[in-house]
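Subject: Structure for you to look through

Hello,

Please find the sequence and the structure below. My notes on what was found follow after them.

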Amino acid sequence: MSHDVGCYRVCAMLALVFWTLAPAHAGAQAAALTERLCNACHLDKFEASGRNAHVALFSPESQQRTGHTIGCTNCHGDVSRHIGAGGGRGTVFAFRTEPVAERNDVCLGCHRASHPTFDRSPHARAGLACTSCHSQHAGGSTALLRAPEIPQDLAALGASMRLCFDCHAAPFAELALNEHHRLREGVLECTSCHDPHAPATRSLLGGFKQQQCASCHTDKSGPFVFEHGASRTEGCTACHTPHGSPNRHLLAHQRVAELCLTCHAAVPQFHAGFNAAAPPRFGLDTQCTSCHSAIHGSNFHPFFLR
Amino acid sequence: MTRFAAGVLLATLLAAAPAARAQPGATSPLRGSASVGTRSLEVDGTDAKFREDLNLDAGPRLFDLRLRYEPEDTAGAAVDRLELDAQGFGGEPFENLRFAVRNFGRYRVALNRHRSKFFYDDTILPAALASVSGSTGGDFHRFDFERTRTTADVEIDVAPATQLSLGLERQTRTGANTTTLTVERDEFDFDRPLDESLDGLTFGVRHAWRRATLIVSEELRDFRNTSELVLPGASPGRSLADAAALSFFTRDQSYDYASRGHGLRVLASPTARVDLTAAWRREDLELDAYASEQALGTTFGGAPLATAAEGPATVDRDVETAELDVGFAVTERVRLFGAARRQTLEQRGDLVYGADSGTGAWSLATDGLEAGVEVALGSALTVAAGWSTESRDADYDWALTATAAQRRSDTDRNGYFARLELATESGWRLTAGIEDNDIAAPYTLASPTDSRRYSATARRRWENGLSFNASYRNTDVANDESAWIADTEHADLRLSYRRERLQASAGYSRIDLARSVDQRVAAGTRVLDFVIDYATGAMLRDASARWQLSPRYAVGGELRSYDTHGSVRVAHDDWRGYGEIALGENYALALAYRDIDYVEDAFDAYNAQVLEVVVRLDW
């Protein structure tokens, strides 16, 4: 152990000498020098990074065209004390130990324009850091996503989905039900509907909740001359369970009439029949949509008969 | 089986090809893999249900293709990274193609295409229990359609602080569809082919100053839906006991619409402690429809039936949203936040149809306020809590010739939320949350007046590769005006183990739903009582493992199983086992067997056995 520490100290001293003697001119050259210095001890980070976006921006040519000076110090701060001490946490901004807010500030220092509302997202409010999902040293993904702990049968899915399932076990289970949105099949991803960086929308009364569904299910979303009030005010989830359901069409109830009669406590008399002694014409097994065929809305009938 | 044999031959030829042809290496600018192979399939039982669930087909295909190009030296290179992914080509029900190329700091271009096939042919009641007069035969829709979505996105960094973005999108849904409608108190089967397309265009500009960023976006969408209903030949209807019959029936309700969206967002940090976001968005939509319907036949009572009607309809809709979010860092560990939102929707539709004319108009206005605090109590404990309120005014008026109705609903919601997260020194990460809302005068009888949700999670990852995840969520929802309740309880447990040669995971989930109301339905002078009591208990189990026996051999397996007890019991067991052998430096041959058992009491059951032979080439 002492031998290892001794090597580190020698490297660190040499690095400090180079660091001190290096001319403090163009940021691009300084960044490139920093890269070489850090490389001496943290080679694993560079190897893991591959040629990801951060590494690509290390080159002086990249810095010229982007206007950014990218190097280890952009995220890890002034490294001179770290080098002087021969390494060790506490001498440099280390993402494992710094408070979440400070970690996020470092990332958002460059990425705030593309993730403007992350501070108010449910993820931020839950105390998650950018580095909870992303790794600045990840090599294989454009979004620098972390490698998730995943069940093996999801290995074929997109990296973003596997990462979501790491924490969000409930929708993962619901997607195993027979009727489900096609995430397991690779057609959709969690981010097809959810924006992990978006602010929390606690609006339960928005009346616009079907907009996300409408981006694909355009024919169901209208507008229509006559609209189903529940759909317009409560959104698609008034009747459907989007992640998965044992019921057809992702409905909240297996039998359609059960679902309809939950709200419709008053119907015209001909539904029941005019002979009080005769059994009613409808019951919990009635397929209401055999007549009310345009149940999401109609341009030609207020009761959705056509 | 001939296709399978051809696939096996293809796989064998590929496997026998000289392994030295490709020269992989960690530093090679071109990396990737391709998995091609063939599938054999045997299905016993309800083929329609199998197609609805899995829709797999037999024969050779491209299972997966991944290509990455990253030049050694990016200085002066036009491309920093190029990615190509393709899955499911050659007959899979889900086909994905993704192409992306980017130069960091200059541009990003991404093309995506997804094609998916959907099939549905099902009933809700067994045929023996079906009654035409009560419309209890079931859900006689039959779908066999294809959905495609193609997108192209371009982002260009025209200057270090300025980015332009352009997005193109095209979606289509085409295929066969049948439906059953009640005409003259009898049920008839109609063809209703699907032909929809959506074209979208988005354009945006983003510019960042030192303390503020401005984002401007424009969106155009055009949707076209050819909605036709045709009786395929004369029909006496499903019931032969009445006189109702149709010799000709056609209904065309095709429509199209165009929408234009305009968005503006400003992000600002006027001081180091204050950040705010102001956003505004407006969408205008105009829809044009024209309907025609013609029917010839016999009425329920035996009289001649001859109807014809046609006419246009239009809908105009304006949606506007304005939001303001503010955050203020009181100290390094305490942050206050607040938000205000207003959303409005104004919509009016008009129609003339035969001798009828009508209108439908919606007016919705929702205002919301939210305030809260986030506190970091040390580096281990984070607490966020807040309060929110909303009020919504909804007006719906409609009229059709001599009939008219209106509905006013003013709904208010007040609620609070709290969440804490604890990260212990021993590695546990624990969260707990609660959200509670009281809602006055909801719009429907199945909308909550009280809603409370609890959630808790626990996670731990050990250095030895073992990880533990558990979560619990309980949602209690009730409407105290109708006595409707909808409670959900959801618990998940997962253990995973990941080492270099062995990866394994096992999970168990339980979902319990209870939705009930004793509904008294007024049908004119008759009053009917319905006991709606729907409860589902779903148990889901999954397990998977992969063991690299040696550098050359690997085996693995997966199991997914669930059992639900709702109105109908459904049991589904799906397991797969596979073995892989490395053939030379770049090739691997995999053999996989999968067995799926599906049982839906009194309706459908099938067993599917799937055998796949796959050759994987890495370079």
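Into which domains is chain B divided? The division gives domain 1 (123–329), domain 2 (330–423) and domain 3 (424–497 + 519–541); the bounds come from an automatic or database domain assignment.

Some conventions come before the rest. This is a predicted model, in which local features need pLDDT of at least 70 and side-chain atom pairs count only at pLDDT 80 or more, while totals for chains, interfaces and linings use all residues. Residues are numbered from 1 along each chain as its sequence is written, and chains are lettered from A and ligands numbered from 1 in the order in which they are written.

The two chains

Chain A has 17 helices and five strands, and chain B has two helices and 29 strands. Helices (H or I, at least four residues) and strands (E, at least two) are DSSP runs, numbered from the N terminus. In chain A, 42% of the 306 residues count as buried; in chain B, buried residues make up 29% of 619. A residue is buried if 20 or more other C-beta atoms lie within 10 Å of its own, exposed if 12 or fewer, and partly exposed in between, with C-beta atoms placed from the backbone. The C-alpha atoms of chain B fill a box of roughly 80 × 70 × 50 Å along the principal axes.

Two residues are in contact if their C-beta atoms, placed from the backbone, lie within 7 Å. Among contacts in chain B between residues at least 6 apart in sequence, 57% join residues at least 24 apart. In chain A, residues 24 or more positions apart account for 55% of the contacts with a separation of 6 or more.

Where the parts meet

The C-alpha centres of domain 2 and domain 3 of chain B lie 21 Å apart. Across this boundary, 17 residues of domain 2 of chain B are in contact with 16 residues of domain 3 of chain B. Strand E19 (residues 403–423) of chain B supplies the largest share of the domain 2 side, 15 residues. By class, that side has eight nonpolar, four polar and five charged residues. Here Ala, Val, Leu, Ile, Met, Phe, Trp, Tyr, Cys and Pro count as nonpolar, Asp, Glu, Lys and Arg as charged, and the others, Gly among them, as polar.

Between the chains, 142 residues of chain B are in contact with 94 residues of chain A. The chain B side has 51 nonpolar, 56 polar and 35 charged residues. Strand E4 (residues 266–267) of chain A and strand E24 (residues 502–523) of chain B run parallel and are joined by two bridges; two strands pair if DSSP finds at least two bridges between them.

Two helices of chain A

How many of the eight residues of helix H17 (residues 256–263) of chain A are buried? Eight of the eight are, so H17(A) is largely enclosed by the rest of the structure. Its buried residues pack against helix H16 (229–234) of chain A together with strands E23 (484–498), E24 and E25 (526–548) of chain B.

In helix H8 (residues 100–111) of chain A, the buried residues are A:Val100, A:Arg103, A:Asn104 and A:Val106. They cover an arc of only 155° around the axis, which puts them on the same side of H8(A); the arc is that of the directions from the helix axis to the C-beta atoms. These buried residues pack against helix H6 (72–76) and helix H10 (130–133) of chain A together with strand E18 (381–400) of chain B.

Strands of chain B

Strands E6 (residues 142–159) and E7 (residues 162–183) of chain B run antiparallel and are joined by 17 bridges. They form a hairpin with two residues between them, and B:Asp157 stands opposite B:Gln163 in E7(B). E7(B) is also joined by 14 bridges to the antiparallel strand E9 (residues 194–208) of chain B, where the partner of B:Arg173 is B:Glu196.

B:His114 is found in strand E5 (residues 107–121) of chain B. Is B:His114 buried or exposed? B:His114 is buried, with 23 other C-beta atoms within 10 Å. Leaving aside neighbours within four places in sequence, B:His114 is in contact with A:Val187, B:Asn96, B:Thr148 and B:Arg149.

Regards
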